[in-house]
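Subject: Structure for your files

Hello,

Here is the structure you will be working with. My notes follow below it.

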Amino acid sequence: MNIHLNSLLSQLTKPHHTISRTRILHALVVANSLSSDPFYATKILRLYAVNNDLVSARNLFDRTPQRSVFLWNSIIRAYAQARRFPDAFALFKRLLISETPPDNYTFACVARASADSFDIKALRIVHGKVVSFGLSLDFVCSSALVSSYSKLGLVDEASFVFRGIEEPDLVLFNAMISGYGSCGDWVKGIELFNTMQHTGFRPDGYTMVGLIIGLIDHSSTNAGETIHGFCVKCGLDLNDHVGSVLVSMYSKCKNIESAFKVFDSLVQPDLVSWSAIITGLSLAGDYVKALLFFSEFLIDGRKRADYVLIASALSASAQLAIVGPGCEIHGYAIRHECSTEVAVSSALIDMYAKCGFLEMGVKVFDKMPHRNIVSYNILISSLGLYGRAQEAFRLFDEILQEGLKPDETTFAGLLCACCHSGHVSEGREYFRLMTEDFEIGAKTEHYIHMVKLLGMNGKLEEAYNLVKSINQEPVNSGIWGALLSCCASCKNYELIDVITKHLDENQQEHRSYDVVLSNLFAGDERWDHVKQLRVDNGGTKGKIPAISWITNTNH
């Protein structure tokens, strides 16, 4: 009997079993009258959770009369990892009123679940419970709170928790450095990194990853190269995770040459590295090479593309406006059962729309089991560019019915739809809804669409008054350029001098409107101005020639 139990215990200590093996082990536990023992119940429950069988896990939990904190933690974690946050929070509330007190791992799990569900209120409640249970100085709870606050962009709250620990350990330092990194505040991250070293802690791979993730644009390239050099000096560049974020960092900073060097040094690049290099090539405008790299990844065959990598490849195809590669990637996504992932479906809609196959994009949208505001925004913008304003309006109504919150991109798409279709009254109403009802400040893109909508439909004075009402100085030259285009279209010469004065504040932007200005001056028979414009620019310069891309379908 003891040998049998020892063998059973040995099997239960393994981190993973198939669902059929888990059920056999469960049957053995029941047969040996151990099912009411919370130790064995916890082991079996975790195996059910690993196999995503939450029904069996919950049944086991409900039938266990004596529940330890480990059993409670296991079922809460199972629901949280399955992203069934309401169930996880409901069980946490039950635990608080039960005879079993929660421990530091309970609070850490629920804090992470609050961050994953973007529930700031729940996270603050958890923080309050941590304090009331006397665990505010516990490293496990503090690390989870710092990470969770940072993930929600509440870096000040994260810093407050961190400063409350008199002698933080390496894990806590890493959590706070990652917090600064995830919020893009790499300067404070480096300052804390230096403090950590002076305290006597030696940085590890997690430290360096936390530092590097905050370096996201060209202005931080020098800092990135310095940190990279430190990684090489300490031998941390051989860490796969560090190598992946270095590739991502150099790609975001548009330093593709350095990204390639790091990528080539990786023995087995992971999905993050592949996604980073493909996205980096796309950001650098080398979309063809991005697709070639994706093909190389598929030919390599050692890893299966995830939804992030597929979405990156689809974005490259969309920018090229070539539907062939996009269709092939769509087929790959279908074969690997990830075509209905929100990120993949959204990228497919964008790709088909930009390639001239809007109806295919609409079909993808209609088949999506779950949609977020990004999915709606992409289709609304696409419909707007195609002049199908009424369908875009209906989608906006659907957003409100689904309880989603429209953002600035939503209204940019709607105003674009109005602009392309000449719906002046609807455009005014959406602009009012955005600024008054949803309290979203109008950006340059919104003003450009509104100015074009009004100016191109005979409301030039109203368009000019809208520009004058903008409470920012100087007004973006793109807005003045939109008004100038309206003047050219309406052959209205009264506002030329006013617009020219504002465009003169930015000579580079001024030159991009020289052809339009020259034509307007000529139409108003102001030949001296035409001549002066040409002299200022070193001679007549026409529009930049367009480029056509022709693909051979036989290759």
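To begin with Phe 118: this residue is exposed, because its relative accessible area is 59% and anything over 50% is called exposed. Please keep in mind throughout that the model is predicted.

Phe 118 sits in the loop that joins helix H7 (104–116) to helix H8 (120–132). Its phi is near 55 degrees, a positive value in a residue that is not glycine. For background, most residues other than glycine have a negative phi. Ala 321 is another non-glycine residue with a positive phi, in this case about 60 degrees. Ala 321 is also a loop residue, placed between helix H19 (307–320) and helix H20 (323–335). With a relative accessible area of 41%, Ala 321 is partly exposed.

Next, two helix pairs.

The crossing of H5 and H6 is left-handed. On the H5 side the contact is made by Trp 72, Ile 75, Ile 76, Tyr 79 and Ala 80. H6 supplies Phe 85, Asp 87, Ala 88, Leu 91, Phe 92, Arg 94 and Leu 95. Sorted by class, the residues of this contact are ten nonpolar, two charged and no polar.

The second pair is H23 (residues 373–385) and H24 (residues 389–401), with axes that come within 9 Å and cross at roughly 165 degrees. H23 is therefore roughly antiparallel to H24. H23 and H24 also cross in a left-handed sense. From H23, the residues in the contact are Ile 373, Tyr 376, Leu 379, Ile 380 and Leu 383. From H24 they are Glu 391, Ala 392, Leu 395, Phe 396, Glu 398 and Ile 399. The contact of H23 with H24 has nine nonpolar residues, two charged and no polar.

Ser 375 belongs to helix H23. Its relative accessibility is 0%, so Ser 375 counts as buried. Leaving out residues up to four places away in sequence, Ser 375 touches Val 342, Ser 346, Phe 365 and Met 368.

Ser 143 is part of helix H9 (residues 139–151). Ser 143 counts as buried because its relative accessibility is 10%, and the limit for buried is under 20%. A polar atom of the Ser 143 side chain lies 2.9 Å from the backbone oxygen of Phe 139. Apart from neighbours within four places in sequence, Ser 143 is in contact with Val 171, Leu 172 and Ala 175.

Ser 258 is in helix H16 (residues 256–265). Ser 258 is buried too, at a relative accessible area of 17%. The Ser 258 side chain makes a polar contact with the side chain of Asn 255, at 3.2 Å. Between Ser 258 and Val 247 the C-alpha to C-alpha distance is 7.9 Å, and the two are eleven residues apart in sequence.

Regards

How values were computed. Residues are numbered from 1 along each chain as its sequence is written. This is a predicted model: local features need pLDDT of at least 70, side-chain atom pairs count only at pLDDT 80 or more; totals for chains, interfaces and linings use all residues. Side-chain values use heavy atoms; hydrogens and water are left out. Helices (H or I, at least four residues) and strands (E, at least two) are DSSP runs, numbered from the N terminus. Buried means under 20% relative accessible area, exposed over 50%, partly exposed in between (1.4 Å probe, protein chains only). A polar contact is a pair of N or O atoms within 3.5 Å; within protein, one must be able to donate a hydrogen and the other to accept it, and residues adjacent in sequence count only if both atoms are side-chain atoms. Contact means heavy atoms within 4.5 Å. Axes are lines fitted to C-alpha atoms, for helices over the stretch in contact, and angles run from 0 to 180 degrees between N-to-C directions. Angles under 35 degrees count as roughly parallel, over 145 as roughly antiparallel, 65 to 115 as roughly perpendicular and the rest as oblique. A crossing is left-handed if the near helix is turned anticlockwise from the far one by less than a right angle, and right-handed if clockwise. Ala, Val, Leu, Ile, Met, Phe, Trp, Tyr, Cys and Pro count as nonpolar, Asp, Glu, Lys and Arg as charged, and the others, Gly among them, as polar.
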